[in-house]
Each structure stands twice: as C-alpha cells, then as structure tokens.
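I opened this notebook to record what I looked up about a cavity and about a pair of packed helices. The entries follow in that order.

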Amino acid sequence: MMRNMELQRRIAMGFQISKAYIFLTLNEVALAVFLVLVESLASSGISTLIIVVYEHVLATIVLSLLSFFFEKNKRPPITFKILCYAFLMGLLQVTLCQMLMTMGLSYISSTYESIALNMVPTITFVLALTFHQEKLRFRSINGQAKIWGLGISFGGALALVLWKGPVVVKAMLSISFEATSNGVLGWIMTIVGVLATSFWNILVRHVIQIYPAELSLTAMMSFFGTIQTAIVAAFVAKSSAWELQWDGGLILITLLLGGIVVTGLSYYVMTWSIGIKGPVFTASFNPLLVLFSFLLNTFVLGSSAHLGSIVGAVLVIGGLYLLLWAKANDVEKTDMDVEDSIASPFIQP
C-alpha cells in the first residue's frame, strides 16, 4: 500500500514537472496535422477564411464553457482595461496571425509556413530582452546555450528547405503541395502572422499577471478574434463560401480539430505556459512544428525524405534541447520558480 502511494506521488510529481513540455509538444503535433488538412481543403477551393471563422466560433464556445466551470470561483472582475487587452490579443493572435496564415496556405505550402513559424522563438527572445521579460548574460554558459540553441534550431529549419541532398526514403504516393503564382502574397501574410504571434507572446505574459484567469482570458480573446475575422470575411468572402460542403467529412474533422484543439485548448495551453514559464520557453517549441510537418509529409503522405530534411530535423531537436536545458538551469531565475508551482485550474496532475 505504501509502495503504491509512493509510486503515485512520484508519478504526480513527474507529471507536474514535465506537463508544460508534454502539452506544448502535443500542441505542435496538432498544429502540424491541422496545417496539412487546411492546405488540402484550400487546394480543393474551400475558403480558408470561412474555416477560420467557424473554428473560432467553436473554440469560443468550448473555452467559455470550460472557464465557466473551472474558473467560476477564482475569476477576477472583468474591467474595461481587461476587455481592451483581450481585444488586442484577439487582433494579434486570431486576426493577424491565424487568419492570415490560414489564408496564406492558399498560396504557399504548409512546410514553408512551419519554417517561417520557426522564427517566432528568435523574435520573441529579442522582444523579451527588449521588454525586460528575459535576462541574458552573453559570457555565461546558459546565455551561450540560449543563443546557440536558437541558432541551431533556426539553421536546422533552413536546412529542411534549402538543402535537399540525396533521397533517403522514396516517395510512396504522388502527393505534393506547391506554392502558387501568388506566393509573394502568401509570404507577406505569413511574415505578418509571425510578427503578430511574437508580440502576442510578450503581451500575454504582462496581461496574465494582472488577470490570472487563463481560461476566461483566452475565451474573451477568442470571442473578440471571432468577431474581427467574421467582419473581415463578410467583406472579403463570397456569400456562397459560407455554405461548406461536408462530403467525405474532411471539413468537419478540420473544424473540430481546429476549433477544439488547435484554437481552443491550444490557446489556453500557450497562455497558461507563458504565465508560468515565460514567452521564450513557450515559443521555443515552435521548431518542433518543422519536424512534425516533415514526419507527417514523409511517413503519412508518402513524400520523399532527403538527407537535408533528416539532418535539419536533428538540428531542430538539438537546438531546442539546448535552449530548454539553458532555461532549466538558468542561474538568473527569479520568482518564476515559485509561479511554476501554482496549479492551473484545468491542467492538473
């Protein structure tokens, strides 16, 4: 009996320590699957803008229900200032990031978008230093590890695109996703989205300190983002685009995955992680999206795997590990260690 209790205690402690790593990794897996699904729908003529609106309607409903049940007794009063912050967060993460990047899949490949998202940790790191949310000593071991970790991950992501090398695994299916002639427009959308989500990472850390109710804050952000994208869609999309075809169930699967997991729970996990671990730690998991996109395209879609892709994937993982090691052993830790022990109302061991 005592052994079982001790084992349960150790498992609970282990999960408490590693849950941020687990949930952020699963978040990148879900996002990689979602990007491929949306890209497939875009190639068939489905309006990606309408998909964004519908998935955020679903996400708002899910997050509102979760916040009602899990934060009913701890939710601080909602002030006009908090509503303004939630509106700005929705503008950055939903309208300027997810809407533009989802629409960009009509013009460029999901692989290239995942590569662009690999710049988020670097931009977030620079912004965190600028706004004094991150400390860096260039001559310390941890400072050097952070810099090298970001550089290696970025280099690995570039290797996945710029260096093919010989074929290691031959293609099993004739599936390929190519950029269209409007690739420049797609890249502009992607770059704006990357900058927006980088600023969002910094803003969340500030807002969560004055409104420590992650689910409620995320629900409000999703609500305002849904209104903003719906207004844009009303002016841009054709009226016939709102009527989605459900043949095959692919659209339904995409909406459920995007609305419940990628948009709903993912926003909450990222907000929660930024609140306890910081924006740089949370953004440092973005390089995994490149790796999972590569694995998905190779082993699920049957695309060819080149030596450059394999080397790049190894570098992405190595750089991420180096950065996380530096964060875990940072001698300049402040009260973040204390904050990390605070249990979330939803993510519990």
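I began with the lining of the largest cavity, which by class has 12 nonpolar, eight polar and two charged residues (Ala, Val, Leu, Ile, Met, Phe, Trp, Tyr, Cys and Pro count as nonpolar, Asp, Glu, Lys and Arg as charged, and the others, Gly among them, as polar). The model is predicted, so I kept in mind that local features need pLDDT of at least 70 and side-chain atom pairs pLDDT 80 or more, while totals for chains, interfaces and linings use all residues. Residues are numbered from 1 along each chain as its sequence is written, and side-chain values use heavy atoms, with hydrogens and water left out.

I noted that this cavity (on a 1 Å grid over the protein atoms alone, a set of points where a 1.4 Å probe fits but cannot get out, lined by residues with an atom within 4 Å of a point) has a volume of about 340 Å³, the volume being the space filled by probe spheres set on the points. Of its 22 lining residues, Leu31, Gln93, Cys97, Gln98 and Leu117 lie nearest the centre, and helix H1 (2-43) gives the largest share, six residues.

Next I turned to helices H2 (residues 48-70) and H3 (residues 80-104), which pack at an angle of about 135° with their axes 8 Å apart (helices are DSSP runs of H or I, at least four residues, numbered from the N terminus). I then listed the contact (heavy atoms within 4.5 Å), which is made by Thr48, Leu49, Val52, Glu55 and His56 of H2 and Val94, Gln98, Met99, Thr102 and Met103 of H3. By class, I found five nonpolar, four polar and one charged residues there.

How values were computed. Axes are lines fitted to C-alpha atoms, for helices over the stretch in contact, and angles run from 0 to 180 degrees between N-to-C directions. Helices (H or I, at least four residues) and strands (E, at least two) are DSSP runs, numbered from the N terminus. On a 1 Å grid over the protein atoms alone, a cavity is a set of points where a 1.4 Å probe fits but cannot get out, and a pocket is an open set with protein on both sides within 12 Å along at least five of seven lines; lining residues have an atom within 4 Å of a point.
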